Amino acid sequence: MNLYLIWQKVNTGYDTWDSMVVAAPHEFAARKIRPDGELRVGDSDMYWASTEYVHVKLIGRAVRGTKKGKILASFNAG
């Protein structure tokens, strides 16, 4: 399992998520992880961008036993 920093710059107003650290086996899986915990492709909403607008950077390897999903997220409260 890898650790990725993912971020979006589409929805940048108040009450939006801008970035997360996630655990995923590969980049495509990381891109599908959303702040609300659901895994899906596409589906832009007012809080997060659709997958084609999500940027991904590999930042390391997770420790054994880490489950796929959100580790830490940044939320811009308004």
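Trainee: Take T51. Where does T51 lie in the chain, and does T51 count as buried or exposed?

Mentor: A caution to begin: this is a predicted model. Start with the chain as a whole. Its secondary structure comes to one helix and four strands. Along the sequence, these elements run β-β-α-β-β. The radius of gyration is 12 Å, close to the 12 Å that the globule rule gives for 78 residues, so the chain is as compact as a globular protein of that length. Along the principal axes, the C-alpha atoms fill a box of roughly 35 × 20 × 20 Å.

Now go to T51. This residue sits in the loop that links helix 1 (27–32) to strand 3 (55–61). T51 has a relative accessibility of 10%. The cut-off for buried is under 20%, so T51 counts as buried. Of the 78 residues in the chain, 35% count as buried.

K32 is 19 residues away from T51 along the chain. Their C-alpha atoms are separated by 6.1 Å. Helix 1 spans 27–32.

Widen the view again. Among contacts with a separation of 6 or more, 63% join residues 24 or more positions apart. The accessible surface of the chain is about 4,900 Å², and carbon and sulfur atoms hold 54% of that area. As for charge, there are 11 positive and 8 negative side chains. The centres of these two sets lie 11 Å apart.

Terms used:
Residues are numbered from 1 along each chain as its sequence is written. This is a predicted model: local features need pLDDT of at least 70, side-chain atom pairs count only at pLDDT 80 or more; totals for chains, interfaces and linings use all residues. Side-chain values use heavy atoms; hydrogens and water are left out. Helices (H or I, at least four residues) and strands (E, at least two) are DSSP runs, numbered from the N terminus. The radius of gyration is taken over C-alpha atoms; the globule rule is 2.2 Å times the number of residues to the power 0.38. Buried means under 20% relative accessible area, exposed over 50%, partly exposed in between (1.4 Å probe, protein chains only). Contact means heavy atoms within 4.5 Å. Accessible areas come from the Shrake-Rupley method with a 1.4 Å probe; for residues, only the protein chains shown count as cover. Lys and Arg count as positive and Asp and Glu as negative; His and the chain ends are not counted. The place of a charge is taken as NZ of Lys, CZ of Arg, CG of Asp or CD of Glu.
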